[in-house]
Amino acid sequence: MTVRVRFAPSPTGYLHIGSARTALFNWLYARGQGGRFLLRVEDTDLQRSTEESTRSILEGLAWLGISDYDEEIVFQSRNAEEHREAALRLVREGKAYRDFTPKGERTDANVKQEIAERARTASEGPGTDHRANPYRDLTLEESEHRAESGEPFAVRLKVSTEGQTRFVDAVYGEQTRDHSEIEDLVLLRSGDLSPLYNLSVVVDDIEMGITHVIRGQDHLTNTHKQVLIYEALGAQVPTFAHLPLILAPNKAKLSKRKHGEVVSLTTYRDRGFIPAAFRNYLALLGWSPGEENKELMSLEELLSLFSLEGVHRSNAVFNFSDTDARQWTDQKALWMNAEYVRSMPLEELLPMVKSELESAGLWRPEYEGEQAQWFARTVNLIRQRFITLKDFSGQGRAYFADEFEFDPAAVAKNLKKDAALRELLPGLAERVEAVEPWTLESIEKALRDFADERGVKAGLLINASRTALTGQSVGPSMFDVFDVVGRERSARRLRAAAELV
RNA sequence: GGCGCGUUGGUGUAGUCGGCUAACACGCCGCCCUCUCAAGGCGGAGACCACGGGUUCGAGUCCCGUACGCGCUACCA
């Protein structure tokens, strides 16, 4: 049997990293098993669903490298009629019933509280009887009759009084739940008979031939209800695999409202992450390859190593700080990105640097023409200590533009430190102009000779030059910097920097 | 309240059938390298494996209980 999985986001906002991980796991599983990966947009909540959100989710997935859906994207709202039919069929078969109880008022804000309240009072009594509904055993004829006369009704699944549901979760193992714990869940709302979530999901999954439902652990308990629906519909129950949740540092659920942009996938794109790096990081949140405990994995390795057995049962904490800008997101994600930046194949990095420079207005066509070699060498040189793509236009700006900022701390440390530099820098500029041939060795020799002649330490000139040429106090080996910045520009910047001493 | 799920250093994890002086990565500290900062190399601090019982010659690993956390419990998705 071919594996068929789906990622089913509701388009009510941007792509949350937790959802992104769910998508990734589905995709890895499908691709690893030679199965099909499908996408279904769960847009039944018309109030909150937006096309904008759908587009942004698709974009986010594409950025992660997931855009190869094997079939047309399914929009759940278009299947409402089918869902309704399924529920009505269950009524006819006596597996569901019409509930003529007037619809109760309920606001989103206090549901949780209300549930707890109701449960508390109920527990003081004889316990909740989930089968107490007076319409549960109405004859089909009477039910039909009342419906035809226009009386509004909801449709509820008739959950049997005894026994229990059981399924084996690929991650959490065997799950059982007494039927007495499950109420007769509503399938269709009274009034417009619009389908509810649990019904829609099941009918669509059956329709789409889904064999493995891989989703967040928040659905684990409700799965029993869905199993009941599968059984009522006479369909085969798929394999379920629930994923542990991703929590904030205080162990609360990661949410947009409380945690802001760190939870949005697009943030990582916008802040210069390498897709493969973030994908690699995400894969490790709630899953590990086991035994070998490997962390840096190519896509091929990820595909061959990924398994549902390797998924964890405990929630993972996404570790970041909202007060320390350096830790705006999980440090390991940052580290992993830096790792990719400095060690991924240069030819794959170059196009990313190009688009970063483009958006910063620093790109020049020559970088792909006569200066292609220079560009590659420069990127390769500076990437060694960069963390994100943003650094190429930030810290790396001086390599691509003549207008760049001087870091005040660097100026203080390397230029203002010694007044002699006011006169040494122009002198060094002359030597640099005279270097022949223009090689790392002769540049170094020129500088060191000059330092000897003037009786100063080479380090003084080297550090001053670094700030003069790049505006910064840190960077690659200085002779490489001279080489890459070039003879003319170097000399010009050395002279200009004398003014800052 | 009920039901479910979880609990290995700050974080992510490894730890097959019980033998661990508890391993790896990130982060942190120090040393080396050195023109700076990274990277890299070496070393260090940090976990009585939530707690309490039990089974056993022996438990992070098995069983029970407790605590804590999370989830679900809706005519939301």
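What is the mean pLDDT of chain A? The mean is 92, and 96% of the residues of chain A reach 70 or more; pLDDT is the predictor's confidence in each residue, from 0 to 100. The structure is a predicted model, in which local features need pLDDT of at least 70, side-chain atom pairs count only at pLDDT 80 or more, and totals for chains, interfaces and linings use all residues. Residues are numbered from 1 along each chain as its sequence is written, while chains are lettered from A and ligands numbered from 1 in the order in which they are written.

**Confidence**

- For the complex, the predictor gives an ipTM of 0.93 and a pTM of 0.94.
- Where pLDDT is low, the predicted coordinates should not be read in detail.

**The open sheet E4-E5-E8**

- An open sheet is formed by 3 strands in the order E4-E5-E8, with antiparallel pairing; strands (E, at least two residues) and helices (H or I, at least four) are DSSP runs numbered from the N terminus, and two strands pair if DSSP finds at least two bridges between them.
- Strand E4 (96-99) and strand E8 (186-188) are at the edges with a single partner strand each, so one side of each has no neighbour in the sheet.
- On average, neighbouring strands of this sheet are turned by 40° against each other, direction ignored; axes are lines fitted to C-alpha atoms, for helices over the stretch in contact, and angles run from 0 to 180 degrees between N-to-C directions.
- E4 is joined to strand E5 (residues 154-157) by 4 bridges, and the two run antiparallel.
- Arg98 stands opposite Val155 in E5.
- Helix H3 (residues 80-92) packs on the sheet and touches E4, E5 and E8, its direction making about 100° with that of E4; contact requires C-beta atoms, placed from the backbone, to lie within 7 Å.

**The hairpin E6-E7**

- Strand E6 (residues 164-169) and E7 pair in the antiparallel sense over 6 bridges, and they form a hairpin with 3 residues between them.
- Thr165 has Arg177 in E7 as its bridge partner.
- Strand E7 (residues 173-178) is hardly covered, as the count of buried residues among its 6 residues is 0; a residue is buried if 20 or more other C-beta atoms, placed from the backbone, lie within 10 Å of its own, exposed if 12 or fewer, and partly exposed in between.

**The parallel pair E9-E10**

- Strand E9 (residues 212-216) and E10 run parallel, joined by 5 bridges, with His212 opposite Thr239 in E10.
- Strand E10 (residues 239-243) is mostly covered, with 4 of its 5 residues buried.
- E9, helix H7 (residues 223-233) and E10 make a right-handed β-α-β unit: with the strands pointing away from the viewer, the path from the first strand over the helix to the second runs clockwise.

Notes. Two residues are in contact if their C-beta atoms, placed from the backbone, lie within 7 Å.
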